[in-house]
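Please read it with the structure open beside you.

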Amino acid sequence: MTIRSTVAQALVRFLAVQYTERDGERRRLIGATWGIFGHGNVAGLGQALLEHADEMPYHQGRNEQAMVHAAVGYARQSNRLATHAVTTSIGPGATNLVTGAALATVNHLPVLLLPGDVFATRPADPVLQQLEVPYAADVSVNDCLRPVSRFFDRINRPEQLIPSALAAMRVLTDPVETGAVTLALPQDVQAEAYDWPEEFFAERVWTVRRPAADPAELAAAAREIKAARRPLVIAGGGVHHSRAETVLAEFAAATRIPVASTQAGKGSLRWDHPQDVGGVGHTGTATADELARTADLVIGVGTRYTDFTTASGTLFENPDVRFLNLNIAPYDGHKLAGLPLVADARGALTELRRALDGHLVADSYVTEYTEDKERWEQRVDACYEADEPDVRPTQPQVLGALDALVDETDVPVNAAGSLPGDLHRMWRTRSRDQYHLEYGYSCMGYEIPAAIGVKLAAPERNVWALVGDGTYLMMPTEIVTAVQEGIAVKVLLVQNHGYASIGGLSESVGGERFGTAYRLPSDDGTLTGAPLPVDLAANAASLGMRVLRAKTVRDLRTALAEARAADTPTCVYVETETADTVSGPPPAQAWWDVPVAATATRSAAVKARELYERHVSTRRRHL
């Protein structure tokens, strides 16, 4: 039998009956569709979503990039077992998807993009917003999405949708290949009718695989660990994607091997687990980074070994260091010339613990990292402390006030600025999914829409978007969405009058903070005058959000508690003590390679180059 409907209607009906399953847990794959309508999708997908409103929930966005961020936040909170679709018009609406698509693909998070496209039949050529490419008539702006998508297709005929839709679902549910999936939909094809096989609309379950470890690789991994005197686990985002937190905790307790974490992997162990030593790399703790410098075996679990994690190739200083890489992706399993253990993290860690048969690291090693961790926590306490509650807080004191208030159910969301470094070094993660840091792409503007996505996936949780003034100005628009739909996210807005993080980086590389402050021109024309007369709290209030202003540490504590108890979207606005420093102690614990001008006349750049050459000389290739 066949069912006659338009391409857009068929796609909506198809998406509504796709499911994932892992470990007996079944989830609807596409939980909702985000959309901003214009020509290219209003008469196609817009009409289809109206036609099938009882089958596919719809969310109205304000910015196309932000809609992707919301879908990504939902997908991450849903353990990649569910995501959202995003539909846009054919021109700027489509190109606005590119940044969000790149973020999703870099972070291996599934999202389905459904941009409108120009006419397949070309009755109007060019149509409004069409990009004309003289050498290739089949190119549209949607081709910008090809390099940032894990799967791309343009549906030029109705019957093409069937294999393409199935391929799209395969990629979205693949634990290795997942990321942004793009189905470009010409506006005339969306509205075209076709006789669809009834089977196309049957419920379909996509099993998310847990590939087991190869026995030979598992045996080799066990031998490497038994031979090591100073092993260190680096837990990456793959631990969370696999839901391997419990077995990692069991592995660490059974072997007493310390566990450091990347930004994506933080929370793999609770902060107070005996083997947790905190973040590693440029934004890591002194404890974890010193262990990395002296480790003779680095056991990467679900990590991509980005340059922040490896301190741009300068962190692992032991001349005899070796790498063991447990990763579901072969590409990552072979990095740093490591011994690969290509498998699902949860299953492989369980098997590896059994293969080690009670093997323990030395008591002296445990004592060393335990004492170092205690000293580090004392440093964090000192940063969080506010002896004078009636003064303006520093940024660490802002985090300290939040840390004192939340429990394991709260979810802070962050992505860019100076906050990621402070959070990685100091935040005390209490549960496996409390720490939501997007640092694969570190996209300014991610936080507020992603917090909405997290809240939609976990409506019972308190979700905090932690934003500086720079990232807030990039994308505050989805505050309106939160207000319209009653999504009670909390926004903690920190005002430090500029791009503070990049300002600090600029100073360290001889850039003298050029172009990083939000200030009025001074007498010499440079932007070094008074802070801009911009009221971001009033802006948030004008978008419909309830705003609580905090001038002192005492005010901040009260405002945070009030916001946490609120059942409507609420913003806490606070201006931090220092405008020209990033965050105060503790400083970065390892280097990060940002090339410095090889020749310069200004002394700041000359000195920075001298320091750069000393650091870069310590980089090594692990072969």
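1. Among contacts in the protein chain between residues at least 6 apart in sequence, what percentage join residues at least 24 apart? The share is 77%, where a contact means heavy atoms within 4.5 Å.

2. A word on the basis of these values: this is a predicted model, in which local features need pLDDT of at least 70 and side-chain atom pairs count only at pLDDT 80 or more, while totals for chains, interfaces and linings use all residues. Residues are numbered from 1 along each chain as its sequence is written, and side-chain values use heavy atoms, with hydrogens and water left out.

3. The protein chain contains 24 helices and 23 strands, these being DSSP runs numbered from the N terminus (helices H or I, at least four residues; strands E, at least two). Its C-alpha trace spans about 70 × 70 × 55 Å along the principal axes. The radius of gyration, taken over C-alpha atoms, is compared with a globule rule of 2.2 Å times the number of residues to the power 0.38; for 623 residues a compact globule would come near 25 Å, and the protein chain, at 25 Å, agrees with this.

4. Of the 623 residues, 58% count as buried (under 20% relative accessible area, with exposed meaning over 50% and partly exposed in between; 1.4 Å probe, protein chains only).

5. Under the rule that a salt bridge is a side-chain nitrogen of Lys or Arg within 4 Å of a carboxyl oxygen of Asp or Glu, the count comes to 39. One of them joins Arg 26 and Glu 203, at 2.7 Å from N to O. Because Arg 26 lies in strand β3 and Glu 203 in the loop between β10 and β11, this pair ties together parts that are 177 residues apart in sequence. Arg 26 is partly exposed at 42% relative accessibility, whereas Glu 203 is exposed at 51%.

6. A salt bridge also links Arg 432 and Glu 245, at 2.9 Å from N to O. Arg 432 sits in the loop between α17 and β19 and Glu 245 in helix α10, 187 residues apart. Glu 245 is buried, with a relative accessible area of 6%.

7. Asp 407 and Arg 564 form a salt bridge whose closest N and O atoms are 3.3 Å apart. Asp 407 lies in the loop between α16 and β18 and Arg 564 in helix α23, so the pair connects parts that are 157 residues apart in sequence. Asp 407, at 28%, and Arg 564, at 21%, each count as partly exposed.
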